[in-house]
Amino acid sequence: MNWIDVVWPMMGAASLTLALIHLLIWFKQGRQTAHLTFAITGISVATLAIFELLMMTAPTAERYSVLLRWVHVPFTVMMIGIVAFVRVNLQVGRLWLGALACLARLACLVPNFLTGENLNFTRITSLSQVPIWGGGFVVAPVGVPNPWMALGQASVVLLLVFLVDALVSGIRRTTGEYRRRVMLLCGSMIGFLLLSAVWSVAVVSGTLHAPLTVNPAFTGVLLAMSYELGGDVLRAVQLAKDLSASEAHLRDTEQRMDMAVRGAGVGLWSRDLVHEDSWVSETGMRLLGFGPDEKWDRDRFYKRLPAADAKALQRAVAAAI
């Protein structure tokens, strides 16, 4: 066992844990879409970690080829989740650009399953051993690049354009804390995505003798997304605490007012003009001649007044309204 056998499962477990936490928050907090898109992205990144670990320890080129073919499915779901997260949570970036990037990535699944051995290679001829720090080795693919890989890179470029557009529009349209959130999230996504794209192209073309992996970069993307959503959760918790304190203060104030009103023998009343509903306190009901079992009725109250007083009061109320 080497450090790869420890780190990749840890990244997968961390991604899955974060995904399940936000999925639970989605269930508990009124189906907030941002948490759902994060959960989908997190599950995809966790799945990528599993596939990549199996690829780096694959015993044969045929086994590696099958794993690489299927790894494009969670990668596609992850890209769609990223676009949805940026649109839902930050509300920046052109929708048509994000949709085009998602459609291009979905289109990649066709040549991935129907041409060559996968989207990256027409044929994987062998696996080469790559020594790693601390001892041991992982395997890297050697083969003939699939021309359809250009479509995959085009989808990544479209995603980068979408994120750059989101970053620029967010900086222009927002200020303060919200602008900082846009810069942090979109900026980190752009950086990690560029890193993974350059690494993949270098490995497939043979320029870089290393394992074909993108999980570390996208785990970074996931952590940036989690940090952003975590801030929202903390702000919601603080808001709930402030609201609870305000409600407690309001109840205390109402109790003191009720005690003062009862002690002074003062009657209170209110009238809802929208719903045509009135309320009168117990003391007010007693002062206005209503019994403890009677319900407040404005018309009955006017009838109990002398005619001149009733008309004068009605005119005053009408003027006030």
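**Figure 1. The whole chain, element by element.** From the N terminus onward, the elements follow the order α-α-α-α-β-β-α-α-α-β-β-α-α-α. That makes 10 helices and 4 strands in the chain. Please keep in mind that this is a predicted model. The C-alpha atoms fill a box of roughly 105 × 40 × 35 Å along the principal axes. The radius of gyration is 32 Å, while a compact globule of 321 residues would have one near 20 Å. Of the 321 residues in the chain, 40% are buried.

**Figure 2. A close look at helix H1.** Here we meet H1, which covers residues 3-28 and has 26 residues. From its first C-alpha to its last, H1 reaches 37 Å, close to the 38 Å expected at 1.5 Å a residue. At the start of H1, Asn2 brings a side-chain oxygen to within 3.0 Å of the backbone nitrogen of Ile4. Ile4 is also one of the buried residues of H1. Others among them are Trp8, Met11, Leu18, His22 and Trp26.

Figure 3. Val66, Trp70, Val110, Phe113 and Leu114 make a nonpolar surface patch of about 490 Å². Helix H3 (61-90) and helix H4 (95-114) are the elements that give two or more residues to this patch. H4 gives the most, with 3 residues.

**Figure 4. Trp70, a member of the patch.** Trp70 sits in helix H3 and belongs to the nonpolar patch.

Conventions: Residues are numbered from 1 along each chain as its sequence is written. This is a predicted model: local features need pLDDT of at least 70, side-chain atom pairs count only at pLDDT 80 or more; totals for chains, interfaces and linings use all residues. Side-chain values use heavy atoms; hydrogens and water are left out. The expected span of a helix is 1.5 Å times one less than its number of residues. Buried means under 20% relative accessible area, exposed over 50%, partly exposed in between (1.4 Å probe, protein chains only). A polar contact is a pair of N or O atoms within 3.5 Å; within protein, one must be able to donate a hydrogen and the other to accept it, and residues adjacent in sequence count only if both atoms are side-chain atoms. Patches are made of residues with over 30% relative accessible area and no salt bridge: like charges are joined within 9 Å, nonpolar side chains (Val, Leu, Ile, Met, Phe, Trp, Tyr) within 5 Å. Accessible areas come from the Shrake-Rupley method with a 1.4 Å probe; for residues, only the protein chains shown count as cover. A salt bridge is a side-chain nitrogen of Lys or Arg within 4 Å of a carboxyl oxygen of Asp or Glu. The radius of gyration is taken over C-alpha atoms; the globule rule is 2.2 Å times the number of residues to the power 0.38.
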